[in-house]
Amino acid sequence: MLDQTAIDALRHETVGDQGHFCDGKSVASKSGETLDVISPIDGKRFANLAAGTPEDMDEAVASARRAFEDGRWSKAAPSHRKKVLLRLADLIERDALKLAVLGIRDNGTEINMAYKAEALSAAATFRYYAEAIDKVYGQIAPTAENVLGLVHHAPVGVVGAIVPWNFPLMIGAWKIAPALAAGNSLVLKPAESASLSLLKVAELASEAGLPDGVFNVVTGAGAVVGEALALSMEVDVLVFTGSGATGRRLLNYAAASNLKRCYLELGGKSPNIVFSDAPDLAQAAKVSAAGIFRNSGQVCVAGSRLLVQEDILDDFVAEICLHAEAFRVGDPLDLNTQIGAVHSLPQLEADLQFVVTAESEGAERRTGGSRILQETGGYYMQPTVMTNVKPTDTIAQQEVFGPVLAVTAFQDEADAIRIANSTQYGLAAGVWTANLSRAHRMISEIRSGVIHVNTYGGSDLTVPLGGVKQSGNGHDKSLHALDKYVDMKTAWIQL
Ligand code: ADP
């Protein structure tokens, strides 16, 4: 059980100047420059980050390369790597509340969600890949008798990981844990506005016994250190979660350097489709509202397009609006809060602008649409429902990444499929129907990496997450994620 007194004791804890974490220790940026860390809770600066330079990044990558080549981790027995990563999971759990509160001061996610989805989920992810790594085998090929064909899975070398600000620990762990479990070295570039908790995880990894140089973190501007990481000739695989625009750049950087493999988890504009034969429309409305508004809509799989069958449109929208208005938005460190802050002022302004644009294109603002709690200095926005949205409208085509739901009516199954597939994205989807055959048809026809049936959101580590179309490629989570962090190597042995 989370305890408000314990949370309040941490909420103003001093955060010293933060260096990069390189070769097992904290180091300042070579330029001596820093970035302000502003809390979305109150709009105030509460920490400094090292503003990395390309030279800082090169040094971190060199440290990772040295560690990989001398085998201090890459050649350690999988059972040893497992032990260290299990210890790291325990340490993350030990410090879960501290990590959650620090992360919230950085990015504004409310505490009930952040504690579970950030700290505890990261611990579970480290445990999952630690446990997996001494249980995955190579293969013996079905060759003729006089030949032995072996398929090895070798670590790739140095992995570069660039992660976003919405769930830094959860998404970070999805990449760090399998990369390290497979024996790689890693250089991580967290988002400028969500670096603090990941820096702490790197320190905890050292405490758990991870050798120096195996896990490095370089902070700073994406366009500076992120670019340097992606252009490095010494990075073998690049894994990324973030915007499509940055994803495109990364592919160019890979092409301009060493053709490193790139795995991109990009945005979504996920359709959540409610048929009038849904088994429980009240439940559908409740879950659909949470599916867009939790974490202020700053969730890559958020069900941001609600497609509702015409004959239930009015009642269903009314119900969704009731839920939207009932959410308690506010201080993310208050246990009673259900939705915290939007993570930055530019993000809040962009969210509000999407509402204005939608109205100018003919949509109707049914509830919300405004900034609130401005007196706190923080960045808060009402859950917003826009109706009468045409499939071609800006708000139906572009990812808002804010608490804004776009509602469109559809007539029948074919109409729903056509509208659902009419964006560049293909990350997630939802279908609500009691008709099993229809559910299966929708699963097959909707182009998305994940589709929820009679629920929205929710998953665990056992299933992969990845996108199709311009939502990206490659998968986080499950044993499939390990594929990104290994090279297949064939040995053909004449007997
Ligand atoms: P968002 O819009 O969600 O912030 P971004 O794609 O801008 O998404 O950010 C995701 C991550 O990508 C962050 O860590 C950010 O610093 C990094 N990033 C941004 N621009 C670049 C770039 N040009 N090269 C490499 N990384 C970048």
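Strand 6 (residues 147-155) and strand 21 run antiparallel and are joined by 9 bridges. Strands here are DSSP E runs of at least two residues, helices are H or I runs of at least four, and both are numbered from the N terminus. Two strands count as paired if DSSP finds at least two bridges between them. Within this pair, Leu 148 has Ile 493 of strand 21 as its bridge partner.

A word on the source. This is a predicted model, in which local features need pLDDT of at least 70 and side-chain atom pairs count only at pLDDT 80 or more, while totals for chains, interfaces and linings use all residues. Residues are numbered from 1 along each chain as its sequence is written, and side-chain values use heavy atoms, with hydrogens and water left out.

Next, a hairpin. Strand 3 (residues 34-38) pairs with strand 4 (residues 45-50) in the antiparallel sense, over 5 bridges. Opposite Asp 36 stands Asn 48 in strand 4. There are 6 residues between the two strands of this hairpin, and Gly 43 takes a positive phi near 70 degrees.

Now the domains. The assignment, which is automatic or from a database, gives domain 1 as 4-266 + 472-492 and domain 2 as 271-470. Their centres, taken over C-alpha atoms, are separated by 30 Å. The contact takes 38 residues from domain 1 and 37 residues from domain 2, where contact means heavy atoms within 4.5 Å.

How much area do domain 1 and domain 2 bury between them? About 3,100 Å², with 56% of it on carbon and sulfur atoms. Buried area is the accessible area (1.4 Å probe) that two parts lose on being put together, summed over both. On the domain 1 side, Glu 110, Trp 165 and Lys 477 supply 19% of the area buried against domain 2, more than any other three residues.

The rule finds 2 salt bridges across the interface of domain 1 and domain 2. A salt bridge needs a side-chain nitrogen of Lys or Arg within 4 Å of a carboxyl oxygen of Asp or Glu. Arg 11 forms a salt bridge with Asp 331, and their closest N and O atoms are 2.8 Å apart. Helix 5 gives the largest share, 6 residues.

Last, the salt bridges overall: the structure holds 27. In one of them, the side chains of Glu 234 and Arg 65 meet at 2.8 Å, N to O. This pair links distant parts of the chain, 169 residues apart: Glu 234 lies in the loop between helix 8 (222-231) and strand 10 (237-241), and Arg 65 in helix 2 (residues 54-69).
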